[in-house]
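Hi there,

Here is the structure I promised to pass on, with the sequence alongside. Could you have it open while you read my notes below?

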Amino acid sequence: MIEAEDIRDQMLTLCNLVSQDRPDAVLMQSCVLISNFLHARTAVLMMLDNTRQNFITGAGVSEGDTTWAPLVMSLPLQSGDSGQTPLAQVALTGRNLCLNALDNGYNLSPLDPLFPDLAAAGHICFVPMQNTRGDLIGVYIVSGENTFPTRLKSTDMTLILRAVSAQVEQSSRQRAAAFHISALERSLELADKQRSNLRERARSNLQARLPGNSSAMQKLRGQVERFADASGTILISGEDGTGREQVAREMHRLSRLSNAPFTYVNCATLTAESFAPELFGHKRGAIQGVATSRRGLLRETGDGMIYFDRVDLLSEELQGSLSRLLDTGSFRPLGSSREVGLTQRFAFSAPSDAQNETGISASLYHKIAQVGIHIQPLRERSEDIETLAHEILIAVACERKQRLSFAPGSVAFLMRQELQGNMHELRAMITRASLQTQQDGIISPQHLGAKVNGKPLNAPASDLKASVESYEANLIRRALSDAENNRAQAAKNLGIPKRTLADKCLRYGL
């Protein structure tokens, strides 16, 4: 007879296997424990699968054969046959079933692969294992001599089954938790990979979104990439029409939080009365005459970027309020008693990057200019005008659904202009000129405002070739950007063979 001390040692082994997260060994050790307690020759554990329609081999031990392993097989529960099979009867009643191996009235042939020596066993017993909720999770099938059937009814057997069931259930929970953690880690890894791919794609499209080949524009694109994830406040300076808002949007698009909102705030429209309701929001009834509540732009932005355009236009009072907001790092919606912490990235714009020229108070300036980006005006980078002019021409042609092109000398004329209004002025000139063209859609220097003794401007053939190539390069660059750098799709959109597009990309360095 097995001693109580041996049972305790085997239970400790079972618990240790659970703590080591070794589910297969846990099932095997439970078979060892049951087999030893019942003095069985062979013990096999059949586990109920997730469908609760079939039993699957879980583990097994055989006396005197340390290398024996039960055949992995599936046996149907057959719960609808009124208990004609031992497994079905045990599943229905939840009670032990002990049979004579030879004369029992049951069909045991499905168990022959599991118990090849069943005829010599004498007895075969079916012992249900239930979880803590009383649900059947498995059945031990044990075979042996006449020495163990009476032990099935003992209190020790009940305690052992409860302890084994608890340990097996705990092992299953640990395995399920490990599986879910692993699945979550794989999902996070996939999400990080997808986010990285999107950011890399955004970087590859940055030149198309911030076009220009001048050293100033190359430096600007480098700053946008470098500061995309900067934690400090950002001040973007530059004259009107240089694209301050576009730079802010590109920084947000390249950041880790690009999926969060980008919120635009026009400081020219903010007044002392609208500042707090617009930014902080308010509860219902907090403002007289307003019956609804409002979240406010800060809470709507969440973890995204909020961009204050022309912060220099704020009054001194509102500049002070904005300075206090950045100082405290929190705000309180009107009518609320609860403080809300800032989670947003702040970006600001002003015409100049020099503090004494911006019209911004000193206390606010140094809070918003932790990261500074300056955009040069077009007159200081005239080499970019050619690229920008073709970009605008393509956009205008799409809007008007008309073929448009520059005549020789037109681009050269634009490059000689001061363009005090920067992109706004350049776009206005090309749009006005497009309305004056003939049916051929060719924009001449005269359409752009050029006058030389009332005669057309002439340009050498080399200017014509350069203009055509520049137009073609910009057209291809736009098509690649629209197709997210998919050359096959870009070639299809342009109506040219993919090989031709590849040759032109190599020629223009695209």
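**What I found**

Ser405 is partly exposed, with a relative accessible area of 27% (under 20% is called buried, over 50% exposed, and partly exposed lies in between, using a 1.4 Å probe and protein chains only). Before going on, please note that this is a predicted model, so local features need pLDDT of at least 70 and side-chain atom pairs count only at pLDDT 80 or more, while totals for chains, interfaces and linings use all residues. Residues are numbered from 1 along each chain as its sequence is written, and side-chain values use heavy atoms, with hydrogens and water left out.

**Around Ser405**

Ser405 sits in strand β14 (residues 405–406). Helices (H or I, at least four residues) and strands (E, at least two) are DSSP runs, numbered from the N terminus. If you set aside neighbours within four places in sequence, Ser405 is in contact with Leu393, Gly441, Ile442 and Ile443 (contact means heavy atoms within 4.5 Å). Ile443 is 38 residues from Ser405 in sequence, yet their C-alpha atoms are 6.1 Å apart.

**The parallel sheet**

Next comes an open sheet of five strands, in the order β8-β9-β12-β7-β13, with parallel pairing. Two strands are said to pair if DSSP finds at least two bridges between them. At the edges are β8 and β13 (371–374), each of which pairs on one side only. From one strand to the next, the twist averages 20°. (Axes are lines fitted to C-alpha atoms, for helices over the stretch in contact, and angles run from 0 to 180 degrees between N-to-C directions.)

Which strand is largely enclosed by the rest of the structure? That is β9 (residues 305–309), because five of its five residues are buried. Met305, Tyr307 and Asp309 point one way from β9, while Ile306 and Phe308 point the other way.

Helix α7 lies across β7, β8, β9, β12 and β13, and runs at about 170° to β9.

**Salt bridges**

How many salt bridges does a search of the whole structure find? There are twelve, where a salt bridge is a side-chain nitrogen of Lys or Arg within 4 Å of a carboxyl oxygen of Asp or Glu.

- Asp309 and Arg244 meet through their side chains at 3.6 Å, N to O. This pair links distant parts of the chain, with Asp309 in strand β9 and Arg244 in helix α7 (residues 244–254), 65 residues apart. Asp309 is buried at 12% relative accessibility, and Arg244 is buried at 8%.
- Asp309 and Arg244 also belong to a network of salt bridges that links them with Asp240, Arg310 and Asp312.
- Glu245 and Arg249 form a salt bridge with their closest N and O atoms 2.9 Å apart. Both lie in helix α7, four residues apart, which is about one turn of the helix. Glu245 is partly exposed at 28% relative accessibility, and so is Arg249 at 35%.
- Arg381 and Asp384 form a salt bridge too, with 3.2 Å between the closest N and O atoms. Arg381 is buried at 4% relative accessibility and Asp384 is buried at 0%.

**Cysteines**

A search of the whole structure finds one disulfide, defined as a pair of cysteine sulfur atoms within 2.5 Å. The disulfide joins Cys98 to Cys125, at 2.4 Å from S to S. Cys98 lies in strand β4 (residues 97–100) and Cys125 in strand β5 (residues 123–130), so the pair ties together parts that are 27 residues apart in sequence. Cys98 is partly exposed, with a relative accessible area of 31%, whereas Cys125 is buried at 0%. Two other cysteines to look at are Cys31, buried at 0% relative accessibility, and Cys267, buried at 1%.

Best wishes
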